[in-house]
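Please view the sequence and the model before reading on.

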Amino acid sequence: MELKIGNVILPNPLALGPMAGVTDLPFRILCKEQGCGLLYTEMVSAKAILYKNKNTNALLEIKQEEHPIAVQLFGSDPDIMGEIGAKVAEGPCDIIDINMGCPVPKVVNNGEGSALMKNPELVEKILTSMVKKIKKPVTIKIRKGFNEENVNAVEIAKIAEACGVLAVAVHGRTREQYYSGKADWDIIRQVKEAVSIPVIGNGDIFTPEDGKRMMEETGCDGIMVARGAQGNPWIFSRILHYLKTGEILPPPSKSERREMILRHLQMQVEMRGENQGIREMRKQIAWYTVGLPHSAALRNELNQIDQYERLTEFLYEKLAD
């Protein structure tokens, strides 16, 4: 089940989609332990690195156990993207990925993220600059198109391949859709048929069955799980098991969820300190507890707790099988 991207060998075809405020170091390690084949950092601004913004250091921190891992950069200036991509590639990452999918207004209004899909000529300049200067594999993450009137994932993927990009991840929604509606997996199939580099399919993978169906329907080489992994690192071990055996593992029990939350909490507190670590975990715990009885009341209570020991006791009390 290995997947090769240039000279980087992934143990399996499952990738964790980069998500701002979610795919930080602790969460990535948990997903890796569950069998995720390729991790991505949160997206990092090339300009912020250029101007030595201190917040970028934490985003670029990588631990030994995370490999293989891609750093995802965003920006729109070909020279800056090439220069910063080369500089970041000197660090511990295995792959440099370029974000052409982020739909957030402040990114798009800057001509970055999914706005790049409106400008194929600029895409070509950025990719040419980066591939020339970066000694590690360069990959891209794109959307179906900017909107339904401009569906050009196939065109952008072909440009990328011609520039020497070594893999493309395709989210089957337009920028206009954000994360609403249904992902169009057919566009992933069209990209797969148009290029010979690996294609990673992304969008609406929430269960092991979704993962298998994505591969069968699109012929994609890899599967990227993003929102389906929020509060659910087990999705990777469950998809892998299903792909290998055809058997669906049961979802995690309450106590398994609790142990994962406690481990995640401990890592967040070690990394950020007690106050910030607990604040950061609130949204994560909300995701971990979705679907449990009385989960809304549980989350309300959780949000009042700001001490690590008290929160640990509370989780033991509330999340027993």
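A residue counts as buried when its relative accessible area is under 20%. The model described here is predicted.

**The aromatic pair**

Y288 has a relative accessibility of 0%, and because the limit is 20%, Y288 is buried. W234 is likewise buried, with a relative accessible area of 9%. A pair of aromatic rings is described by the distance of the centres and the angle of the planes. The structure holds one aromatic pair. It is formed by W234 and Y288, whose ring centres are 6.1 Å apart and whose planes stand at 80°, so the arrangement is edge-to-face. W234 belongs to helix 10 (residues 234–245) and Y288 to helix 12 (residues 274–288); the pair therefore ties together parts that are 54 residues apart in sequence.

**Helix packing**

Two packed helices are described by the angle between their axes and the distance between the axes. The table gives these values for two packed pairs.

| Helix pair | Angle | Axis distance |
|---|---|---|
| Helix 6 (residues 120–133) and helix 7 (residues 153–163) | about 25° | 9 Å |
| Helix 9 (residues 208–218) and helix 10 | about 55° | 8 Å |

The angle of about 25° between helix 6 and helix 7 makes helix 6 roughly parallel to helix 7. Helix 6 passes helix 7 in a right-handed crossing. On the side of helix 6, the contact involves P120, V123, E124, L127, T128 and V131, which meet E155, I156, I159, A160 and C163 of helix 7.

For helix 9 and helix 10, the angle of about 55° makes helix 9 oblique to helix 10. The crossing of helix 9 past helix 10 is right-handed. Here P208, E209, K212 and M215 from helix 9 meet R238, I239, Y242 and L243 from helix 10. Two of these residues, K212 and Y242, also form a charge-over-ring arrangement: the charged end of K212 sits over the ring of Y242, 5.6 Å from its centre.

**K118, F146 and S114**

Another such arrangement involves K118, whose charged end sits over the ring of F146 at 4.4 Å from the ring centre. F146 is also one of the residues touched by S114. S114 lies in the loop between helix 5 (105–108) and helix 6. With a relative accessible area of 0%, S114 is buried. Leaving aside residues up to four places away in sequence, S114 touches M100, G101, C102, P103, V108, R143, F146 and R175.

Definitions and conventions. Residues numbered from 1 in each chain as written. Predicted model: local features only at pLDDT ≥ 70, side-chain atom pairs only at ≥ 80, totals over all residues. Heavy atoms only, no water. Phe/Tyr/Trp six-rings, centres within 6.5 Å; stacked < 30°, edge-to-face > 60°. Helix = DSSP H or I, 4+ residues; strand = E, 2+ residues; numbered from the N terminus. Buried < 20%, exposed > 50% of the residue type's maximum accessible area, 1.4 Å probe, protein only. Lys NZ or Arg CZ within 6 Å of the ring centre and 35° of its normal. Axes fitted to C-alpha atoms, helices over the stretch in contact; angles between N-to-C directions. Parallel < 35°, antiparallel > 145°, perpendicular 65-115°, else oblique. Left-handed = near helix turned anticlockwise from the far one by under 90°. Contact = heavy atoms within 4.5 Å.
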